[in-house]
Amino acid sequence: MLDLIFCELLKLKRSKMIPISIIGVLSTPMLMLLEALQTHFDKPELAFTLADIYKNSVLYSMLLTNMMIYVAITAFLFSREYSENTLKIIIPIPVSRSKLLIGKFCALLLWIVALNFVTWVGIFMVCGLYHIVFTLEKYSFSVAIEWLPKYLLGGILMFLTISPFAFAAEKTKGFVAPVIGSAVIVMGSAALANHDWGAFYPWTAIFFLVQGKINSNGYITALSIIIVLLLSAAGFVLTFYHLNTEDLK
Amino acid sequence: MSSLLPDVTADFLAFHTLDPIINLLGERIKKIQKGIIVMKYIIETDHLTKRYGTNLVVNQVNFHVPKGKVYGLLGRNGAGKTTAMKMMLQLVFPTGGSIRLFGKDCRDNATVLYRNIGSIIETPGFYGNLTGEENLEILARLRGQFCKNAVPDALQIVGLNKEKRKIFSDYSLGMKQRLGIAAAIMHKPKLLILDEPINGLDPIGIWEIRTFLTKLTRDNGTTVFISSHVLSEIEQIADIIGVMHQGRLIEEVDMAELRNRNQKYTEFELSDGQLAVKIIKDHYRDTNYTIQENTLRVYGSNHLVGEMNRDFALNGLNVTKINPLEENLEEYFSKLIGGGGIA
């Protein structure tokens, strides 16, 4: 299994998706910096801390920018074997189709968690720049480190809700369907982010879970977790079933 | 006597208690015998069938590929060659029939069986952002037999050792094909399944691959199952020919037998074909011939060529060309599938 994961990571060497995804997730820290600057100049009386910036950034990263990027990298990982015609050389090695998918999902999880870590580091760094110029209240590494587990948990939860896009990429053998799908779910997330019903929409539910908002909305946390797990399981089952029964024409 | 009876009964009973063991041994011996017979063939299919909806792509095909031989599979586009090969490699699931590899059902212990197989199906695909060396390293690691020398050795065999730092997306078609061959042979397989492996290669590359395959079978006893559109290539390397047409295997023949079967003939180019036919009919009644305009083909009468030439000349015919020939694989193939070339 380690070899499978190593191979999945080796396949990413020199891949343009690596710098593209890093630049993509750094858009969240940049948006936070812009927001901080706007607040500083428009409403100088408003005081905000590093913790406030991290809190707001979770919305951008989990519901908007990072989600779209993670769907794109999922589509890339799962469709490239078709677009580069490599399954015909890998399957007869032999490599179990299920193991191949497990390797891909492991690589995807590592990539998503790593990108969430990059976002977390990026926010700390841009806030550092802001702190040097304008002084940011309670700017310290200890505050930042408190938010790291939430970011890592957020990455894992986002990975769980992304499995249906792996199936879409595998089924359609390309980027288009998953990317359109991601646009649709992001629109849904934007609509439900400030709505209690968001607890029933898996992609907003994970945001509420990380923010600890569900109980305060009056819904049971377990219900949101079950919805997320059901969606995730459906995505995994469909992905594995499809590849294991597919004729590679 | 009566005192003996219980002993005999005891012996009888003891003998019969051995029955299940004897039966079991008999079964095992039968299985071993069957195994030995089956192992005669490295690939053996039994009514192998693939259907997509109403389209029967491979129809009850029975391949028999003996150990250490080169089996050339011929057929027009859409004959079912690639689908048959894909079924052998578990890329496509058969609708019916079975496949035995190395004497065993291909679904039993697939991991061990398939490690002894190297393959190329259509144009080989690799990761465009990686070098040839890195691509082969991935395959070696996935196979679980990563050996440091295997990759450079394979690259050297196919002549890509000087280009090992070039990324795959910058490869020419010929280089891609060579890397595919390197991937197929780097683990020293006992069986190679190659679908159109010389596509995109230049004449020198084709010669090199042909020589390499011949050497593999001769020195290592590797069995090769190869399909190609280039009939002359198959003719030069194959020991056995299989011909597929419209999903069916319509011929499976030893190359030596085929050469014997192929008719020798003499081709005359003459000034008047009809007059030549009259002369043949009058003087050489038992001779087989064909006529196409002024070209006359006389089959199996090479010893009479001089005599015929003299008779043609005496009857005022101008003979502009006499060519002793043998039916080649292309003509044989064309006859077999009812006309038309391979493409």
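1. Within the largest nonpolar core, which has 161 residues, the members touching the most others are B:Leu136, B:Phe225 and B:Ile241. Helix H4 (residues 50-83) of chain A gives the largest share of this core, 18 residues. A nonpolar core here is a set of buried Ala, Val, Leu, Ile, Met, Phe, Trp, Tyr and Cys residues joined through side-chain atoms within 4.5 Å; buried means under 20% relative accessible area, exposed over 50%, and partly exposed in between (1.4 Å probe, protein chains only). Another core lies apart from it, with 14 residues, including B:Phe268 and B:Tyr284.

2. On the basis of the note: this is a predicted model, in which local features need pLDDT of at least 70 and side-chain atom pairs count only at pLDDT 80 or more, while totals for chains, interfaces and linings use all residues. Residues are numbered from 1 along each chain as its sequence is written, chains are lettered from A in the order in which they are written, and side-chain values use heavy atoms, without hydrogens and water.

3. Leaving aside neighbours within four places in sequence, B:Phe225 is in contact (heavy atoms within 4.5 Å) with residues including B:Ile43, B:Phe63, B:Tyr71, B:Met88 and B:Leu192.

4. The contact between the chains takes 31 residues from chain A and 33 residues from chain B. Together the chains bury about 2800 Å², 60% of it on carbon and sulfur atoms; buried area is the accessible area (1.4 Å probe) that two parts lose on being put together, summed over both. B:Leu91, B:Tyr127 and B:Leu142 supply 25% of the area that chain B buries against chain A, more than any other three residues.

5. Five salt bridges cross this interface, where a salt bridge is a side-chain nitrogen of Lys or Arg within 4 Å of a carboxyl oxygen of Asp or Glu. A:Asp3 pairs in this way with B:Arg141, the closest N and O atoms being 3.4 Å apart. Over all chains the count is 22.

6. B:Lys86 forms a salt bridge with B:Glu122, with the closest N and O atoms 3.7 Å apart. This pair links distant parts of the chain, 36 residues apart: B:Lys86 is in helix H3 (residues 81-88) of chain B, and B:Glu122 in the loop between strand E7 (117-120) and helix H5 (132-143). Helices (H or I, at least four residues) and strands (E, at least two) are DSSP runs, numbered from the N terminus. B:Lys86 is buried at 4% relative accessible area, whereas B:Glu122 is partly exposed at 31%.
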